Amino acid sequence: MKKFLFIFGLLLSCFSQINAQDLSLAPPSYGVSSRSEIYSIPSLTISDSQFLQGDSQGKAVTVGGILRYPPNPTKISSKLPVVVLVHGSSGIGANLDYWSNTFLAQGYATFNLDSFTGRGLKVLGPNQAQLGRLNMILDTYRILDILKSNPQIDSKKIVLMGFSRGGQATLFASNKRFHQLWNQSGIEFAAYIPFYADCSTQYIGDNTTTGKPIRLHHGIADDYNPVTSCRTYVERLKANNQDVQLNEYPFGPHAFDSPIGKNPPVPSTNAQTVRNCVIKEESPGQLINAATGKLFQYTDACVERNPNVGSDVEATKIAKQKIAQFLEGLFSKN
């Protein structure tokens with residue numbers, strides 16, 4: 001009996017040592033942050049017309065964000081690069097978690113913006129008029145105010161990446177005119193990565209950006225924000241010698257990168273889409289429906305409902321590879 005207890009104790013000791021060694025290993029490389037910080041972000045709720053005219057007489061609001069630190073920081077620089085993630089019309093969803101975990105695994109910090117909760121909003125798809133689309137651009141600029149003072153963050157390596165409504169915000173946050181109107185941080189984003197953005201609105205001077213690279217990702221099957229208007233916009237940017245590329249995927253329905261998306265795609269019930277609208281800023285602050293010549297409204301006949309959303313695992317895999325290569329090159333140069 002004593003011999004049995006001795007052997008059992010020896011085995012238990014060995015097992016405990018193995019466990020102790022296991023606990024000393026580096027943490028898992030996916031889905032883990034070493035720590036997180038929650039931030040309050042002072043911003044405004046204003047109309048698109050006010051935004052376009054630089055009118056700050058809006059409603060003061062506090063939105064939120066989560067800064068997550070990687071378990072194994074990249075060795076690219078002594079300070080951390082960070083990818084700011086901007087959600088779409090349904091708020092923070094599974095795709096933001098997916099990309100945040102992906103970038104954490106690559107050694108980058110992430111900042112998830114929540115533009116809705118502080119404004120008392122949850123889902124805008126069925127009623128996009130609840131919030132001017134350009135508000136989210138202002139929110140992203142306010143994030144720069146926060147990140148520039150963080151001693152662990154490299155202020156020259158902050159990338160903006162957004163999805164759908166957040167993709168539109170990401171795309172037009174690159175606009176030089178908008179920076180001059182609203183970005184008071186003294187720094188700017190190092191690059192812009194819009195996913196399935198709405199490119200149907202043409203703003204005054206929107207062919208001049210900050211000069212930083214823009215890398216769009218869009219699926220051909222997207223009937224929520226069709227890729228055709230983005231092709232047109234990208235060509236205008238290229239004609240003005242802006243650093244822009246459009247990555248198209250053979251299938252890629254709207255929200256194709258969501259890990260909980262459906263395949264085949266399903267309708268986003270009652271969601272509004274401006275896929276058949278042409279909207280132009282003809283004078284500062286005046287967004288006109290080109291078909292009617294009147295101020296655009298979400299009650300216009302061109303606004304339709306029930307576009308499809310779904311997943312595309314292969315497109316997501318390719319996009320992930322492309323973005324990893326892009327960020328590695330970008331952060332190594334800066």
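How many cavities of 30 Å³ or more does the structure hold?

1. The coordinates are those of a predicted model, and every remark below should be read with that in mind. The structure holds 1 cavity of 30 Å³ or more, and about 50 Å³ of space lies in this largest cavity. Its lining is made up of S89, Q128, R133, S164, R165, D198, Y224, N225, Q272, T273 and V274, which divide by class into 6 polar, 3 charged and 2 nonpolar residues.

2. Turning to the open pockets, the largest has a volume of about 560 Å³ and is lined by 29 residues, with S90, H254, A255, S258 and V309 lying nearest its centre. Helix 3, which spans residues 94-105, supplies the largest share of this lining, namely 3 residues. By class the lining of the largest pocket comprises 15 polar residues, 13 nonpolar residues and 1 charged residue.

3. The second largest pocket has a volume of about 410 Å³, and of the 22 residues that line it, D48, G132, L287, F296 and Y298 lie nearest its centre. At least two lining residues come from helix 2 (48-53), and at least two from strand 13 (286-289). The lining of this second largest pocket contains 10 nonpolar, 9 polar and 3 charged residues.

4. As general background to the next point, nonpolar side chains in soluble globular proteins tend to be buried together. In this model the largest nonpolar core has 54 residues, and F51, V84, I137, L147 and I158 are those with the most contacts inside it. Helix 4 (residues 135-147) gives the most to this core, contributing 8 residues. Leaving aside residues up to four places away in sequence, I137 touches F51, A169, F172, A173 and F178.

5. Because C199 lies in the loop between strand 6 (191-195) and strand 7 (201-202), while C230 belongs to helix 7 (residues 227-239), the pair ties together parts that are 31 residues apart in sequence. Both C199 and C230 are buried.

6. Another disulfide joins C277 to C302, where the S to S distance is 2.0 Å. The torsion about the S-S bond of C277 and C302 is about 100°, and the disulfide is therefore right-handed. C277 sits in the loop between strand 11 (272-273) and strand 12 (279-283), and C302 in the loop between strand 14 (294-295) and strand 15 (304-305), so this pair ties together parts that are 25 residues apart in sequence. C277 is buried, as is C302.

Definitions and conventions. Residues numbered from 1 in each chain as written. Predicted model: local features only at pLDDT ≥ 70, side-chain atom pairs only at ≥ 80, totals over all residues. Heavy atoms only, no water. 1 Å grid on protein atoms, 1.4 Å probe; cavity = no way out; pocket = protein on both sides within 12 Å on 5 of 7 lines; lining within 4 Å. Points joined across faces, edges and corners; volume = space filled by probe spheres on them. Helix = DSSP H or I, 4+ residues; strand = E, 2+ residues; numbered from the N terminus. Nonpolar A, V, L, I, M, F, W, Y, C, P; charged D, E, K, R; others polar. Core = buried A, V, L, I, M, F, W, Y, C linked by side-chain atoms within 4.5 Å. Buried < 20%, exposed > 50% of the residue type's maximum accessible area, 1.4 Å probe, protein only. Contact = heavy atoms within 4.5 Å. Disulfide = S-S within 2.5 Å.
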